[in-house]
Amino acid sequence: MDGVVSLLAGLPLAAVLVGEDARIVAANAAAREMLGQAIEGRHFLTAMRQPDLRAAIEATAEDGTARSITYQTAKDGRDSTFRAHVARVAAPPGARGVLVSFEDLTEREQAAQMRRDFVANVSHELRTPLTALLGFIETLQGPARHDEAAIDRFLAIMAREAARMERLVHDLLSLSRVEGEERVRPREPVDLGAVMGTVVTMLRPLARERGCALRFEPGPACLVPGNADQLQQVFTNLVENAIKYGGDDNEVEITLGAHPDAATLRGPAIAATVRDRGPGIDPLHIPRLTERFYRVDTHRSREMGGTGLGLAIVKHIVNRHRGRMRIASRPGEGSSFSVILPRWER
Ligand code: ADP
């Protein structure tokens, strides 16, 4: 039997051999982890309760035909999907029985579901402005053909909708680029103070337009290993959100300095925080804000020209920089978005 044990131990999948007497002859560590530590010697029905799996093992023991079945289980409160391969074997010598190996498809299924949701979301986001554009084109070709006031008004709306589509495509491309590069750690020294200065200069007109005071005191250089363009994108998104969602009489304050807790990134770190005085975010939403297309208020986000991708892009760039993001907010008291990055060390 040692031959079987070492054969199963060498497999990358959870695997058990069910003997001709229907007892489990051997199981590798992954199978014991999945089905129970003390399954060897037990009748297979006591270890494998899934009806389709039991039926497949019995049928293969009977007719010798190999089978694959896919089934769902709820383990530790989460749904998992497995594919079990069931085959009759007669090797090594003396080890006759049915070999059952298990492939955990849960992550693959989840990834496929995420892909389907993503495509559905993108299609929906693109269809909304596209439907508006097509509607206005039809009106301009028909009833409003000679109505100059209507033409001006409709063209303005069409320009806004086309700009929305352009922003969405731009953000989708950014997201796909940063996701593609996530494993490659950027290593150029970047001064976060200089990046922040550029962001503040670029967003000051928007802040002024919205009646928002934007505060940032440049201090000593804060160097981090990074990619300057991507870090600029991170803080542009955060400061723009703080201005957009900060409500009336808003103040946005940006602070930059050493992060006090060396344990956060297992080493010296810099924290950059963008704080607003807006209505804040219900704690219920905070863990989901960095999901693609997740918005607290879709109507408001659209009104502000949002794509729902800004914080997803931020999260991926911060991950690429081996940093952390912290979001803190209390309804009525504003929000703060912090990015903690490893400090540059020679
Ligand atoms: P959007 O394009 O909608 O702004 P983001 O990914 O940048 O997408 O943000 C996701 C959502 O998080 C926003 O729709 C908004 O509901 C919420 N949010 C982001 N920043 C803030 C903030 N400073 N204050 C309140 N809500 C915010």
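Visitor: What average pLDDT does the chain have?
Guide: The model is predicted, and the chain averages a pLDDT of 94. A score of at least 70 is reached by 99% of the residues.

Visitor: Where is confidence lowest, and where is it highest?
Guide: Confidence is lowest in helix H1, residues 2-9, at a mean of 86. The highest is in S12, at 98.

Visitor: On to the ligand. How many residues surround it, and which are the closest?
Guide: The ligand is surrounded by 19 residues. Tyr 245, Ser 301, Thr 307, Gly 308 and Leu 311 are the closest.

Visitor: How far is an oxygen atom of the ligand from an N or O atom in the side chain of Tyr 245?
Guide: That distance is 2.6 Å. On the side chain of Asp 276, an N or O atom is 2.8 Å from a nitrogen atom of the ligand. Val 296 uses its backbone instead: an N or O atom there lies 3.1 Å from a ligand oxygen.

Visitor: How much of the ligand's accessible area does the protein cover?
Guide: On its own the ligand has 530 Å² of accessible area, and the protein covers 95% of that. The ligand takes up the space of the largest pocket.

Visitor: Which elements give two or more residues to the shell?
Guide: Those are helix H8 (228-245), helix H10 (310-320) and strand S12 (335-342). H8 gives the most, with four residues.

Visitor: And the shell by class?
Guide: Nine residues are nonpolar, seven are polar and three are charged.

Visitor: Different topic. Where is Ser 6?
Guide: Ser 6 is in helix H1. A polar atom of the Ser 6 side chain lies 3.2 Å from the backbone oxygen of Gly 3.

Visitor: How far apart are Ser 6 and Asp 282?
Guide: C-alpha to C-alpha, Ser 6 and Asp 282 are 54 Å apart in space, and 276 residues separate them in sequence.

Key. Residues numbered from 1 in each chain as written. Predicted model: local features only at pLDDT ≥ 70, side-chain atom pairs only at ≥ 80, totals over all residues. Heavy atoms only, no water. Near = heavy atom within 4 Å. Polar contact = N/O pair within 3.5 Å; in protein donor to acceptor, adjacent residues only side chain to side chain. Areas by Shrake-Rupley, 256 points an atom, 1.4 Å probe, with all protein chains shown as cover. 1 Å grid on protein atoms, 1.4 Å probe; cavity = no way out; pocket = protein on both sides within 12 Å on 5 of 7 lines; lining within 4 Å. Sits in = over half its atoms within 2 Å of the grid points. Nonpolar A, V, L, I, M, F, W, Y, C, P; charged D, E, K, R; others polar. pLDDT = per-residue confidence, 0-100.
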